[in-house]
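Have the viewer open as you read.

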Amino acid sequence: MDLVRHLYYFTVVAEERHFGNAAIRLGMAQPPLSQRIKRLEEELGARLFDRSARQVRLTEAGRLLLPEAREVVARVERLRELVRHGEARTLKVALPPDLGATAIAALVARFREESQGLRLAPAEMWTADQVGALSEGLIDVGVVRHPVTAPGLRFGQVLVQTPGVLLAETDPLTEGSSVHLQDLAGRELLLFPQEGEPGAHAETLSDCRRNGFVPVEVHHGIGLGLVLAGSAVAFGAEVSLPGVVWRPLLGSPLAWRVSTAWRVETPEVATFAATAVRTLKESAGMTDEGAAPVRRVRRRPAMGFLA
């Protein structure tokens, strides 16, 4: 167990006195936060919160632990700062695992070309993990999906990715040049994990429901094996994969908002943020938020596929 990280989660819950609000602040779902607090209580052998009341309250053990936990978290952060300043110039960045190999490779290559002398240390993390890593100083800058709320973090220019749908090549919907969300009725959906992308996950399913698509079941992951097998459909950018066909969604009903995020702005962070905007526009087809297509969806025809 990462004791320092669990202590940090404890301090946030103690400050918010509400697991739901603390989860929003940390950029994660509430169930995993509750599980991590429970693990901390088991590790320390004491109950830290009284959950019997409507408002979460600290127990006596929790009140004794709170100032010590804050000091431990602060001390570890100071140590990390000392180590970072003593290391060679390295920028630690995090990127969503499903951003796409082409986009990730292009972003890393362009930054290294434009910032020679600065070592880039990329890692793949979902938004919720990035928020925690940024707060703890484990990374310098990340690429996150919105909506995300985290006090102390700053965000770069917001871009919009308009995903299409990925289908098995045997799916009848591939006969058309585009697909209406409502035409996906009766199918299962493969989507990024709720724990890692709580805000975007909720927004995506809400948009699906509003446009007539309620998945029979939602699977979580980034591998397209279920799509290849014809067991589910997925949303995302166009891919070149035998057995999988991409089609645009009619009316652009889905819009995933993406931006860089950081806690402390440095010249290196600013350079990465600018490089990310240019590269994601060119390699991932993203657009400025204000220039995104208007999200209007026409009613689908009574018969036949959309073309």
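Helices (H or I, at least four residues) and strands (E, at least two) are DSSP runs here, numbered from the N terminus. Before using that, note that this is a predicted model, where local features need pLDDT of at least 70 and side-chain atom pairs count only at pLDDT 80 or more, while totals for chains, interfaces and linings use all residues. Residues are numbered from 1 along each chain as its sequence is written, and side-chain values use heavy atoms, with hydrogens and water left out.

**Helix α7**

Take α7, residues 198-210: its 13 residues should span 18 Å at 1.5 Å a residue, and the end C-alpha atoms sit 18 Å apart, so the two agree. Which residues of α7 are buried? They are G199, A200, H201, T204, L205, D207 and C208, with buried meaning under 20% relative accessible area, exposed over 50%, and partly exposed in between (1.4 Å probe, protein chains only). The cover over these buried residues includes β5, β9 (189-191), β10 (218-220), β11 (233-236) and β13; contact means heavy atoms within 4.5 Å. Just after α7, G212 takes a positive phi of about 90°.

One of the covering strands, β10, holds H219. H219 counts as buried because its relative accessible area is 19%. Setting aside neighbours within four places in sequence, H219 contacts E188, L189, L190, L191, L226 and A232.

**Two cores**

A nonpolar core is a set of buried Ala, Val, Leu, Ile, Met, Phe, Trp, Tyr and Cys residues joined through side-chain atoms within 4.5 Å. The largest one has 24 residues, and L91, F272 and L280 touch the most other members. At least two residues of this core come from each of β3 (90-95), α5 (101-114), β5 (141-145), β13 (256-262) and α9 (267-284). The top contributor is α9, with seven residues. There's also a second, separate core of 23 residues, with F10, M28, F49 and A69 among them.

What does L91 touch, leaving aside its neighbours within four places in sequence? The list is F111, L118, R119, L120, A121, D140, V141, E268, V269 and F272.

The peptide bond from H146 to P147 is cis, with omega near 5°, and P147 lies in the loop between β5 and β6 (154-155). Two non-glycine residues have positive phi: R17, at about 55°, and S252, at about 50°. R17 is in the loop between α1 (3-16) and α2 (19-26), and counts as partly exposed because its relative accessibility is 35%. S252 is in the loop between β12 (244-247) and β13; at 17% relative accessible area, S252 is buried.

On a 1 Å grid over the protein atoms alone, a cavity is a set of points where a 1.4 Å probe fits but cannot get out, and a pocket is an open set with protein on both sides within 12 Å along at least five of seven lines; lining residues have an atom within 4 Å of a point. Grid points are joined across faces, edges and corners, and a volume is the space filled by probe spheres set on the points. By this rule there are two cavities of 30 Å³ or more.

| Space | Volume | Lining classes |
|---|---|---|
| Largest cavity | about 50 Å³ | four nonpolar, no polar, three charged |
| Second largest cavity | about 30 Å³ | five nonpolar, three polar, no charged |
| Largest pocket | about 610 Å³ | 20 nonpolar, seven polar, three charged |

For the classes, Ala, Val, Leu, Ile, Met, Phe, Trp, Tyr, Cys and Pro count as nonpolar, Asp, Glu, Lys and Arg as charged, and the others, Gly among them, as polar.

The largest cavity is lined by Y9, L26, M28, R36, A128, D129 and E195. Around the second largest cavity you'll find Q157, L159, V258, S259, T260, A276, V277 and L280, and the elements giving two or more residues to that lining are β13 and α9.

As for the largest pocket, 30 residues line it, of which D98, L99, G100, A237 and V239 lie nearest its centre. The elements α5, β5, β9, β11, β13 and α9 each supply at least two residues of this lining.

Methods: Expected span 1.5 Å × (residues − 1).
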